[in-house]
Amino acid sequence: MVQELSSRLFLSDLSIKKPSSFKTFEQCDEAMEYELDKMASEREHLFQASGVPPLWPPAADGHIHAHHSSSSNTSGSMVATIAAPVLVPAFHEQPYDAIGEEAVQSGRYNDASYLCYCHETVVPAIIYMPGFQLAQALGHARTVPLAIGQHGSLACILGFRWLERMLLNDNSSHAVLAIIDQTVYPFSRRHWNGYLKADLAMWCRVSSQDGEFEVLSYESKPAYLATDMFDWTSEDYDQAIHGLVQQLELSMNQGLYMQSDLLIVQHVSSKWISQVERIAAQTGISLYQRSEWTEVNGLGSDPFLTLQEAVAMGVFGHGQTALLVFASVDYGIGLVRIKRNIEATGNES
Amino acid sequence: MTTETVHISAWSLYQPDIVPIRNVIRQAIREGYVFTRDEVDFNKEGIYTVAMENHLTHLQMIERVVEPLIERCRQEGTAIAEIWFAQTSMVAWHDRNFFKSVLARWGLEHVPIYALEEYSCSSFHSVLKNAKIMLEHAPNQAILFIGCDKGRHPLDYVTDYVFVGDSSAACLIEYGKGTHQLLAVDSKHDKVIYDNDEEKIKQAYQLYYLHIRQFIIRMIKQNGLKVEDIKLVLCNNMPNFVWETVARTTGIPLTKFYRPSLHTGCHMTNSDVLFNLEHAVTHEAIAPGDYYFSLTTGTGGSFGCALHRYCPPNHSDEMQGDY
């Protein structure tokens, strides 16, 4: 059921942090140069006792969809095998300090009452607390933080639910939503037949009063296989993608979503993208696909990267609505419908 | 008795077998852990055994405590609006759906699950705080809290000050219904020091305890009570020095800090308070009408506290006017 907002929710000052460096896939996967590598031996035991193979999930028969390193034009990327040098956007260091500094320096997020930090990837150890750290940077311990994980790329759906409730209770203040992901060893960037996982972060200001984008609705639609992901094969992954496609198709037939001017989806796998293209063509909704990093999965921030480009390219105009689709193979899809306000500075007309 | 506030209406606990700390110490040393204290030192703090699960999986431990509460909701026709899951140990999955194999059976496929991480061992109070806000908007529903941790490695059970035990606990939080009234709740993360500057760490700790004191005293005053009115402080099973400091700064006698489960399971992360509450009720350490605090501290400068009143159904109505 679509979550009807009990109050209005606006997003503004959308910032994206892309890695300034790229690693070859082999460097990412083996983490030989990672500063976090020193923690690797400590983390091995996570896998030993829980029956999870190291470097889970396994590769999908060596066929990896990613950018060819010789391709400077990312839109011209190609399917490469692991034998070719492959580049993946990856933060060389933990990004939390830099994000905190950027956010504070911009002056647009300070003194937030709430901070919602969403993540799919996990930090190397529990002593790293990005949510607390960012809250401290932005509000000097007055900011109430909440970290939301274990929800795949759909964590922001829960984030919107929490923020809506908190801001309803406190409508004179604002919040910050941050989605930050960094895959660290021994977790793998491989995802069966899916795109490689990229590191990416987004953050924005959230308010119940005004903002560039109004969140019109948000919801999660469960779709997952009964099989435990630890036991998946490539075929299971494809089956899970099929489930996501079916769920999207069902959802798109709802009148509400058919009214969207623009469709923006998370880049999960080539099969998913081709099916989304088909659904978009059938429904007549314009699908916008970004021009850079088309064949990597930016996890929870991924649709926002595309959204930012759509705005910059003038594709998502004032007064138009867009449907952002988040997709996570063991959870389902997340649907967020937003409207770009007439005035870029905020007030809804 | 019902009141127009939020209550802890039911709970369910699971504590696995206990093992002597001697065994845990031996295993940890074998893995290279260097203890700064020996077994005798731990015994002096009342620490003798640790709860350690050797049979059930992490999810089975959760099922053990959740299913009686779901059944209760089903019988009473209460809808669970949200699940808040607290896990302090490190998670070992990214987009793997941990709960999916049980959600359909529970009939909770569409119920949002918030997985709390950063509040670590004070997650219980973060959940109470969020539940209170949620239930004020949806008073006919319930919030299900689940706390469960299971170590994966001998080093997961040891710290310099206390052993960490396996356990699972769950409780229902409802509006106007239940025997443990929630009069006030707050949770906070305090300033975290990201370097090893001893002076800064010392100052941070001083502020930390000062803030705990402020929260407690404020709650007592705002509810028209005096320190002497507090029957017990149900705290999590942290080492003695934590509660000695809180007792000293608040004026609440140390004898009122109640954590009997420390002696068996040791520090069972987010289950401690509910285990101690169960003990207090079954051993009549709290009587109908008593006010008590629950208090937790967690990693990274987080802490939480709540003021409760014990109001069992047979509690005299004449007390109602006191709320």
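This is a predicted model: local features need pLDDT of at least 70, side-chain atom pairs count only at pLDDT 80 or more; totals for chains, interfaces and linings use all residues.
Local features need pLDDT of at least 70, side-chain atom pairs count only at pLDDT 80 or more, and totals for chains, interfaces and linings use all residues. Residues are numbered from 1 along each chain as its sequence is written, chains are lettered from A and ligands numbered from 1 in the order in which they are written, and side-chain values use heavy atoms, with hydrogens and water left out.

Helices (H or I, at least four residues) and strands (E, at least two) are DSSP runs, numbered from the N terminus. Two strands pair if DSSP finds at least two bridges between them.

| Strands | Sense | Bridges |
|---|---|---|
| β9(B) (residues 230-235) and β11(B) | parallel | five |
| β11(B) and β12(B) (residues 302-310) | antiparallel | eight |

Within the second pairing, Phe293(B) stands opposite Leu307(B) of β12(B).

Strand β11(B), residues 291-298, is largely enclosed by the rest of the structure, because eight of its eight residues are buried (under 20% relative accessible area, with exposed over 50% and partly exposed in between; 1.4 Å probe, protein chains only). In a regular strand the side chains alternate between the two faces of the sheet. On one side of β11(B), Tyr291(B), Phe293(B), Leu295(B) and Thr297(B) are buried, and on the other Tyr292(B), Ser294(B), Thr296(B) and Gly298(B) are too.

The interface is described next. Contact (heavy atoms within 4.5 Å) links 55 residues of chain A with 45 residues of chain B. The buried area between the two chains is about 4,600 Å², and carbon and sulfur atoms give 57% of that area; buried area is the accessible area (1.4 Å probe) that two parts lose on being put together, summed over both. Of the area that chain A buries against chain B, Phe132(A), Gln150(A) and Arg165(A) supply 17%, more than any other three residues.

The rule finds five salt bridges across this interface, each being a side-chain nitrogen of Lys or Arg within 4 Å of a carboxyl oxygen of Asp or Glu. Lys197(A) forms a salt bridge with Asp95(B), where the closest N and O atoms are 4.0 Å apart. On the side of chain A that touches chain B, α2 (40-50), α4 (130-139), β8 (144-148) and α5 (155-169) each supply at least two residues. The largest share, seven residues, comes from α5(A).
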